[in-house]
Structures are given as structure tokens and as C-alpha cells.
Amino acid sequence: MIKERVMPLFMDVHKGVDGLTEEAVAGAHARDLEVQAKHGAKFLNYWYNADDGTVFCLAEAPNADAAAAVHQEAHGLLADEIVQVSEGH
């Protein structure tokens with residue numbers, strides 16, 4: 001059974017991030033976690049491909065603007081796209 005979420009889920013994608021490394025992504029995610037509460041968001045996970053500089057971030061947030069505001073304040077790396085998603089099996 002899938003747990004019903006209180007807030008919507010958003011997946012964002014950052015494309016072509018120059019010099020992407022595991023350490024850089026982990027650091028950016030840590031900064032997201034430091035400021036997320038100010039925006040009513042909760043960043044849950046991230047995935048990345050260092051070869052092409054793509055990063056995906058999954059967050060619970062009241063809206064896409066709140067998710068974007070976390071990235072803006074935390075490190076300035078704005079997503080190229082933010083999509084509301086639903087969890088499935």
C-alpha cells in the first residue's frame with residue numbers, strides 16, 4: 001500500500017552541470033537540507049550522471065516555486081525543469 005503524502009512530490013532536473021562530481025552533488029544536497037524548512041519543503045533523494053552533468057532531485061514541497069527557492073538559496077543551481085510526480089510501484 002502506498003502511503004498518501006501530505007504534500008505533492010516534485011522531480012527536478014539539472015542538465016549539463018559543468019564539472020559535476022559525487023562530492024559536489026552531495027554538498028549541494030546537504031545545503032538544500034540546511035535551508036529546506038524555510039520554504040516548507042523536504043528534499044528526499046537525488047540521482048546524478050557525472051558523465052553528462054545531469055542531476056535529478058526529488059522533493060516534497062507545497063509547490064514547484066518552493067522547491068526552486070530551496071535551490072536558489074542553498075547554492076544557486078536552478079533546475080532546468082521541475083515536474084510534479086506521483087509515487088508508484
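Analyst: Start with helix axes. Axes are lines fitted to C-alpha atoms, for helices over the stretch in contact, and angles run from 0 to 180 degrees between N-to-C directions. Helices (H or I, at least four residues) and strands (E, at least two) are DSSP runs, numbered from the N terminus. Two notes on the source. This is a predicted model, where local features need pLDDT of at least 70, side-chain atom pairs count only at pLDDT 80 or more, and totals for chains, interfaces and linings use all residues. Residues are numbered from 1 along each chain as its sequence is written, and side-chain values use heavy atoms, with hydrogens and water left out.

User: At what angle do H1 and H2 pack?

Analyst: About 115°, with the axes of H1 and H2 9 Å apart. Angles under 35 degrees count as roughly parallel, over 145 as roughly antiparallel, 65 to 115 as roughly perpendicular and the rest as oblique. H1 is therefore roughly perpendicular to H2.

User: Which residues of H1 and H2 make the contact?

Analyst: Contact means heavy atoms within 4.5 Å. H1 supplies Arg31, Asp32 and Val35, while H2 supplies Val70, His71, Glu73 and Ala74. Next, sort them by class. Ala, Val, Leu, Ile, Met, Phe, Trp, Tyr, Cys and Pro count as nonpolar, Asp, Glu, Lys and Arg as charged, and the others, Gly among them, as polar. The H1 contact with H2 then has 3 nonpolar, 1 polar and 3 charged residues.

User: How many residues does the largest nonpolar core have?

Analyst: First, the terms. A nonpolar core is a set of buried Ala, Val, Leu, Ile, Met, Phe, Trp, Tyr and Cys residues joined through side-chain atoms within 4.5 Å. Buried means under 20% relative accessible area, exposed over 50%, partly exposed in between (1.4 Å probe, protein chains only). Here the largest core has 14 residues, and those with the most contacts inside it are Ala41, Phe43, Val55, Ala61 and Val70. Helix H1 (22-35), strand E3 (54-60) and helix H2 (64-74) each give two or more residues to this core. H2 provides the largest share, 4 residues.

User: What does valine 70 touch?

Analyst: Leave out residues up to four places away in sequence, and valine 70 touches Asp32, Val35, Gln36, His39, Ala41 and Phe43.

User: Is glutamate 60 buried or exposed?

Analyst: Glutamate 60 lies in strand E3. Its relative accessible area is 13%, so glutamate 60 is buried. Compare sequence with space: glutamate 60 and methionine 7 are 53 residues apart along the chain, yet their C-alpha atoms are separated by 5.8 Å.

User: Where is alanine 37, and is it buried or exposed?

Analyst: Alanine 37 sits in the loop between H1 and strand E2 (42-49). Alanine 37 counts as exposed because its relative accessibility is 66%.

User: Where is alanine 79 found?

Analyst: In the loop between H2 and strand E4 (81-85). Alanine 79 counts as partly exposed, at 23% relative accessibility. Beyond residues up to four places away in sequence, alanine 79 touches Asp12, Val13 and His14.
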